[in-house]
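Subject: A structure for you to explore

Hi there,

Here is the structure I promised to pass on. Please open it next to this email and follow along as you read.

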Amino acid sequence: MTENIQETKRGVPLWAQILVWGLLLGLLGLVAAGMVRTKEGPIRPGDKVRDFTMPLFSGYTFNGQSELSLSDLSGKVVVINFWASWCKPCEQEAADLEAAWRYYENGGEVVFLGADYVDTEPEARAYLKKFDITYPNGPDMGTRISQMFRIAGVPETYFIDREGVLRYVQVGPFTSTAQILQQIDALLQAP
Amino acid sequence: MKFDLTPRGLRITLYVFLFALILAGFGTATVSAQAPTPTDDEVNAIAKQLFCPVCENTPLDVCPTEACRQWRDLIRLKLAEGWTEDQIKQYFVDNYGARVLSEPPRTGLNWLVYLVPPALIGVGALILFTAFRSWRRLDAELAEADAGSGEEAAPDDEYITRLEEELRQRD
């Protein structure tokens with residue numbers, strides 16, 4: 001009987017066992033890597049924001065460039081607004097964001113950046129024209145930036161200090177220009 | 001019908017011919033300007049292969065949101081401009097990432113999606129086959145062993161028969 005059992009065990013060759021276990025371990029590794037990645041986001045206040053580059057819509061430039069990198073804005077307070085033309089709440093805050101931008105524009109210490117999320121260009125352009133938005137705006141190509149911030153929807157606005165550290169996140173629309181100015185002033189006054 | 005073969009007649013024929021040619025040219029231009037706009041079916045044939053990241057798990061062809069409507073309009077626009085299905089899908093991948101595709105592109109780690117399930121099914125089938133074969137062999141060996149030890153089992157059978165008989169008598 002013992003011989004029979006040994007015979008049965010010999011039924012699955014060693015190479016097949018190694019292959020199966022190797023595949024299982026590989027899959028487990030992939031699942032584990034995915035879970036670790038899921039836990040990485042979102043970027044929370046106090047976290048350093050990784051560098052990214054965003055192309056700008058034609059007609060928009062920053063320092064004469066048609067694309068903008070976060071690393072280029074070192075030493076400035078950066079306000080990143082995620083929006084979309086199909087997003088009705090975004091329309092509520094569009095005028096307030098533009099007013100806040102115009103308030104700080106000449107000082108040169110604050111940069112506003114509009115990231116257009118999952119949008120179509122003709123509609124996006126119409127939106128920018130409708131609200132007369134003048135601060136740098138561009139498409140979030142491949143949704144790379146929104147994935148980096150792990151946004152939950154639009155609108156969302158991220159306030160980054162002069163050191164490149166995220167300080168405040170506004171989920172949903174602002175209700176007044178003063179609300180935006182308050183956040184920026186706090187960052188400008190920080191030592 | 002009689003053709004006027006004088007120089008004047010030939011000249012008139014030439015003018016008429018040129019005039020007809022120009023008219024034909026206008027006709028062709030008009031036809032191409034009035035090329036039919038892509039139908040809903042043509043748009044949806046591409047849309048059903050795409051998923052808008054805003055409305056997860058809803059194919060673009062049946063997604064009711066404003067964002068999806070804009071995407072479908074964009075597909076219609078691109079088709080009208082003469083783009084092919086592959087070009088349009090690539091445009092969406094470039095703009096919104098590979099996750100908009102209903103089927104992951106066959107590149108890099110994505111191959112695992114296509115290779116691992118069939119491989120696991122194959123390995124499972126191999127294990128089942130091996131297990132069934134060994135069980136059958138085991139059954140055959142047990143049956144052989146039972147047949148070989150038939151005489152030894154007889155006392156047990158006799159005992160059971162008597163036990164059952166006594167139980168019946170009590171009832």
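A residue is called buried when its relative accessible area is under 20%, exposed when that area is over 50%, and partly exposed in between. Asp132(A), with a relative accessible area of 43%, is therefore partly exposed. Please keep in mind that this is a predicted model.

**The sheet in chain A**

Let's start with the sheet. Chain A has an open sheet of 5 strands, in the order β5-β4-β3-β6-β7, with mixed pairing. Which strands stand at the edges? They are β5 (137–139) and β7 (166–171) of chain A; each has a single partner strand, so one side of each has no neighbour in the sheet. From one strand to the next, the twist averages 20 degrees.

Now look at β3(A), which covers residues 77–83. How many of its residues are buried? The count is 7 of the 7, so this strand is largely enclosed by the rest of the structure. In general, side chains in a regular strand alternate between the two faces of the sheet. For β3(A), one side carries Val77(A), Val79(A), Asn81(A) and Trp83(A), the other carries Val78(A), Ile80(A) and Phe82(A), and all of these are buried.

What are the neighbours of β3(A)? Strand β4(A), residues 110–116, runs parallel to β3(A) and is joined to it by 7 bridges. In this pairing, Trp83(A) is found opposite Asp116(A). Strand β6(A), residues 156–160, runs antiparallel to β3(A), with 5 bridges between them. Here Ile80(A) is opposite Tyr158(A), and Asn81(A) is opposite Thr157(A). As background, strands of a sheet pair through backbone hydrogen bonds, either parallel or antiparallel.

**Helices and loops around the sheet**

Follow the chain on from β3(A) and you reach helix α3(A), residues 88–105; together with β3(A) and β4(A), this helix makes a right-handed β-α-β unit. Another helix to find is α6(A), residues 177–189, which lies across β3, β4, β6 and β7 of chain A and runs at about 20 degrees to β6(A).

In the loop between β3 and α3 of chain A you will find Ser85(A). Is Ser85(A) buried or exposed? Its relative accessibility is 10%, so Ser85(A) counts as buried. Leaving aside residues up to four places away in sequence, Ser85(A) touches Glu91(A), Asp116(A), Asp119(A), Glu123(A), Ala124(A), Tyr127(A) and, from the other chain, Gln70(B).

**Some backbone details**

Most residues other than glycine have a negative phi, and most peptide bonds are trans.

- Asp132(A) is not a glycine, yet its phi is positive, at about 50 degrees. This residue sits in the loop between α4 (121–130) and β5 of chain A.
- Thr143(A), also a residue other than glycine, has a positive phi near 50 degrees. Thr143(A) belongs to the loop between β5 and α5 of chain A, and is buried, with a relative accessible area of 0%.
- Val154(A) and Pro155(A) are joined by a cis peptide bond, with omega about 0 degrees. Pro155(A) is in the loop between α5 (144–149) and β6 of chain A.

**Over to chain B**

How many helices and strands does chain B have? There are 6 helices and 0 strands, and along the sequence the pattern reads α-α-α-α-α-α. Of the 171 residues in chain B, 20% are buried. If you take the contacts in chain B between residues at least 6 apart in sequence, 43% of them join residues at least 24 apart.

A helix pair to look at is α3(B), residues 66–80, with α4(B), residues 85–96: their axes come within 10 Å and cross at roughly 135 degrees. That angle makes α3(B) oblique to α4(B), and the crossing is right-handed. Where the helices meet, α3(B) brings Trp71(B), Leu74(B), Ile75(B), Lys78(B) and Leu79(B), while α4(B) brings Ile88(B), Tyr91(B), Phe92(B) and Tyr96(B).

Last stop: Asp40(B), in helix α2(B), residues 40–47. At 48% relative accessibility, this residue counts as partly exposed. Its C-alpha atom is separated by 9.4 Å from that of Asp61(B), which is 21 residues away along the chain.

Enjoy exploring!

Definitions and conventions: Residues are numbered from 1 along each chain as its sequence is written. Chains are lettered from A and ligands numbered from 1 in the order in which they are written. This is a predicted model: local features need pLDDT of at least 70, side-chain atom pairs count only at pLDDT 80 or more; totals for chains, interfaces and linings use all residues. Side-chain values use heavy atoms; hydrogens and water are left out. Buried means under 20% relative accessible area, exposed over 50%, partly exposed in between (1.4 Å probe, protein chains only). Helices (H or I, at least four residues) and strands (E, at least two) are DSSP runs, numbered from the N terminus. Two strands pair if DSSP finds at least two bridges between them. A crossover is right-handed if, with the strands pointing away from the viewer, the path from the first strand over the helix to the second runs clockwise. Axes are lines fitted to C-alpha atoms, for helices over the stretch in contact, and angles run from 0 to 180 degrees between N-to-C directions. Angles under 35 degrees count as roughly parallel, over 145 as roughly antiparallel, 65 to 115 as roughly perpendicular and the rest as oblique. A crossing is left-handed if the near helix is turned anticlockwise from the far one by less than a right angle, and right-handed if clockwise. Contact means heavy atoms within 4.5 Å.
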